[in-house]
Amino acid sequence: MLDHQQIKRINPQRHPIALLDRIVEHVRGERIVGIKAVTAAEPCYAHVPDGAGSEALGYPQSLMLESFCQAAGPLAFESGLDIVQKTMLFVSMGEIEFLAPVLPGDVMEHHVSILRLLDGVVLLGGEVRVAGTVVTRVGQVMIAARSREAVAGEAVPA
Amino acid sequence: MTHDTPQPRRAAAYAGIDQWHRTPAGAAWHVDLQPDEPVFAGHYPHEPILPGVYVFESLSQGIEHWYAQHGLEARVQSVRSMRFLLPFRPGHRLRIEATLPPRACPGSHPVSATVFRDSEKAGTARITVRVQEARHA
């Protein structure tokens, strides 16, 4: 499938926010499965207070969603969305349910499908699983691929 | 008016609040985006833009702080809708005004918020938070 370096040939995100380790399954035009391992050595855990309980170790929901969307990159690209040399921008998200925390030692599996692909815009949906259990349901996320010149001029049109 | 500078009490993408204060409708807070914010190096190397999920992170932290002041623990349970209207770059002020429930108590509660980039409207959010009594290690 795709390792981290191969993913970087498609996705524009780089360290410290390149949050996808591997693509393990890819049905062109339909769905993709990408994984990201979570470890306590990540920057997001750097300031967890020593006296905090274990519930403070939940992987940030924000980063989980970012990782999920990055899994969609190769799927969207192979489906015709031109993302190379583009700036990817969140347009909207909704119908997202966080069912269980993700903890250090877990491996997130992002199961992503394309719901709609329009000119420069992709609508995604799917699930995040850990060891076969759904931990997050993603109803819809809309991402736009815009030319760098257009983004320099501002708004994020759908 | 008392301003707080809360730090995340849990794993977090970044410290998403510089100043926080109560309002009649709930609370408001902001973070001034610095050029050396680590995420900008990778998002993106060609042009630093704050990931949209970082707006969500700041939103979550501000809500959690309001409930923490009442001895409660809150986590986002669901995102009904969130819209991102303008990109954020180094030098911008990300400001959030949240309408919170009239009483802070355990349970599931709706929260709505408006996001501003400096003085411009930059986004909206409608979420549900799950609230419980704070646990101690």
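Which residue just after helix 2 of chain A takes a positive phi? Select Gly80(A): its phi is about 115°. Keep in mind as you click around that this is a predicted model.

Now step back into helix 2 of chain A, residues 61-78. From first C-alpha to last, its 18 residues reach 27 Å, close to the 26 Å expected at 1.5 Å a residue. Look along the helix for Ala72(A), where there's a kink of about 30°, shortly before the proline Pro74(A).

Next, the largest nonpolar core, which has 83 residues. Helix 2 of chain A gives the largest share of this core, nine residues. To find the residues with the most contacts inside the core, pick Tyr59(A), Met93(A), Leu50(B) and Leu59(B). Stay on Met93(A) for a moment: it touches residues of both chains, including Leu65(A), Val141(A), Phe56(B) and Met82(B).

Over to the rings. There are four aromatic pairs over all chains. Select Tyr14(B) and Tyr54(B), a tilted pair at 4.7 Å centre to centre with 35° between the planes. Tyr14(B) sits in the segment before strand 1 of chain B and Tyr54(B) in helix 1 of that chain, so the pair ties together parts 40 residues apart in sequence. Then go to Trp66(B) and Tyr67(B), with centres 4.8 Å apart and planes at 85°, so this pair is edge-to-face. Both of these residues are buried.

Last stop: Arg95(B), lying over the face of Phe116(B) at 4.3 Å from the ring centre.

Methods: Residues numbered from 1 in each chain as written. Chains lettered and ligands numbered in written order. Predicted model: local features only at pLDDT ≥ 70, side-chain atom pairs only at ≥ 80, totals over all residues. Heavy atoms only, no water. Core = buried A, V, L, I, M, F, W, Y, C linked by side-chain atoms within 4.5 Å. Buried < 20%, exposed > 50% of the residue type's maximum accessible area, 1.4 Å probe, protein only. Helix = DSSP H or I, 4+ residues; strand = E, 2+ residues; numbered from the N terminus. Contact = heavy atoms within 4.5 Å. Expected span 1.5 Å × (residues − 1). Bend = angle between axes of the 7 residues up to and from the residue. Phe/Tyr/Trp six-rings, centres within 6.5 Å; stacked < 30°, edge-to-face > 60°. Lys NZ or Arg CZ within 6 Å of the ring centre and 35° of its normal. Lists of a residue's contacts leave out its neighbours within four places in sequence.
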